[in-house]
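Please keep the sequence and structure in view while reading.

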Amino acid sequence: MKDILERLVNGELTVEEAENLLKADAILEFDDVAKFDIKRNNRTGFPEAIFAESKDYDDLILIIRQYLENSDDDLIITKLSLERYENILNDLGNDSFIFDYNRRAKILVIRKQIAKKDPVAKIGIITAGTSDINIAEEARVIVEEGGCEAITSYDIGVAGIHRLFPQIAHMVKEGVRAFIVCAGMEGALPSVVAGLVDVPVIGVPTSIGYGVGEGGRVALDAMLQSCAPGIAVVNIDNGFGAGVFALSIVNTD
C-alpha cells in the first residue's frame, strides 16, 4: 500500500490507477484455488476465517501456507476435524507457529506470536443443554480471539429453569455487554434470557433434536418467532457468526 501511495504522490499513477491497485492488493489469490480477503480485518475489525469442512485437504493446506506467508494476522480455521488438525500439525508443526486447537469447537487458531491484551468487554455465553456446548465453544473461541472475555455457563435450559437465574444474575453483575444463547430441541432459551436482561441477545439454534425438531429447524423458527424484544438470530450451528456479531456489538461504542 505504501508503495502505491508513494507512486501516486510522485505522479507515476493516476488516482484511478492507484484505486485499482489498492483494490487488487486487498485480495490474495492462491493458485486459482482461493481468493483470500487479507484486508477484512481493517474493514470489519475481524480477520477472514477458513471454513475447512468441505475443502479438499491439499487445497486447505495450500491456503494455510500462503496465508501465513503473506499476513501477520492470526489464522482461524473453522469446522476442522481432529484428524485434519493432526494432519496439519504434521505438515506445518515444524514451522514455529503456535497451534491452538479446540477439540469441541473444531476450531484451530494458528498464531505467529502470543499477544496479551486486556479484554475490551465481557460477553456471556449460555447453552440450554450439554449437547449444545460444541457450538457455544465455537462462539467462545471467536469472542476471545476478538479481544473480549467470555463468561460461560452450560446446561441451564428451560427443562430445569431454576438453574438459569443465578447464572444470569452473575453475568449481569459482571457487566456483560451481550449474551450468546445456544439451544436445540424447541429453542426456547433465548426468549427467556431476552425477557430478563437489557442487553442484546444472540440466539444460536443448534442441530440437536429428534422427531420434528431434528436438524435444528424448529429451534431456528422458534427463535425467529420470539415475542421477546432484543433478539438477533444466526443460522443453525453458526457459533462463529454469533461470536463475530457479538464482537460487532461491543465494538460499536
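Glu144 counts as partly exposed, since its relative accessibility is 38%. The model in which this value was computed is a predicted one. Glu144 is joined by a salt bridge to Arg140, with the closest N and O atoms 2.8 Å apart, and because Arg140 and Glu144 are four residues apart in helix 6, about one helical turn separates them.

Glu137 and Arg140 both belong to helix 6, where they are three residues apart, or about one turn of the helix. Glu137 is buried, with a relative accessibility of 11%. An α-helix has 3.6 residues a turn, so residues three or four places apart point the same way.

The structure holds nine salt bridges. One of them is formed by the side chains of Arg111 and Asp100, at 3.2 Å from N to O; since Arg111 lies in strand 6 and Asp100 in strand 5, this pair ties together parts that are 11 residues apart in sequence. Arg111 is buried, with a relative accessible area of 15%, whereas Asp100 is partly exposed at 39% relative accessibility.

Four strands make up an open sheet of mixed pairing, in the order 3-4-6-5. Strand 3 (49–51) and strand 5 (98–102) stand at its edges, and because each has a single partner strand, one side of each is left without a neighbour in the sheet. From one strand to the next, the twist averages 15°. Strand 3 runs parallel to strand 4 (residues 75–78), to which three bridges join it, and Ile50 stands opposite Ile77 of strand 4.

Helix 5 (residues 82–92) lies across strand 5 and strand 6 (107–111), and runs at about 175° to strand 5.

Which strand order does the open sheet of five strands have? The order is 8-7-9-10-11, and the pairing is parallel. Strand 8 and strand 11 are the edge strands, each of them pairing on one side only. Neighbouring strands of this sheet are turned against each other by 25° on average, direction ignored.

Strand 7 (residues 122–127) pairs with strand 8 (residues 149–153) in the parallel sense, over five bridges, and Ile123 has Ala150 in strand 8 as its bridge partner.

## Helices on the five-stranded sheet

Helix 9 packs on this sheet, where it touches strand 9, strand 10 and strand 11, and its direction makes about 155° with that of strand 10. Helix 10 (residues 239–250) packs on the sheet as well, touching strand 7, strand 9, strand 10 and strand 11, with its direction at about 175° to that of strand 10.

Ala219, Leu220 and Met223 are the buried residues of helix 9 (residues 217–224). Seen down the axis of helix 9, these buried residues fall within an arc of 100°, so they line one face of the helix. The elements against which they pack are strand 9 (178–183), helix 8 (189–194), strand 10 (201–205) and strand 11 (231–233).

## A residue of helix 7

Ala169 lies in helix 7 (residues 164–173) and is partly exposed, with a relative accessible area of 34%. The C-alpha atom of Ala169 is separated by 9.2 Å from that of Val197, a residue 28 residues apart from Ala169 along the chain.

Technical notes:
Residues are numbered from 1 along each chain as its sequence is written. This is a predicted model: local features need pLDDT of at least 70, side-chain atom pairs count only at pLDDT 80 or more; totals for chains, interfaces and linings use all residues. Side-chain values use heavy atoms; hydrogens and water are left out. Helices (H or I, at least four residues) and strands (E, at least two) are DSSP runs, numbered from the N terminus. Buried means under 20% relative accessible area, exposed over 50%, partly exposed in between (1.4 Å probe, protein chains only). Two strands pair if DSSP finds at least two bridges between them. Axes are lines fitted to C-alpha atoms, for helices over the stretch in contact, and angles run from 0 to 180 degrees between N-to-C directions. Contact means heavy atoms within 4.5 Å. A salt bridge is a side-chain nitrogen of Lys or Arg within 4 Å of a carboxyl oxygen of Asp or Glu. The arc is that of the directions from the helix axis to the C-beta atoms.
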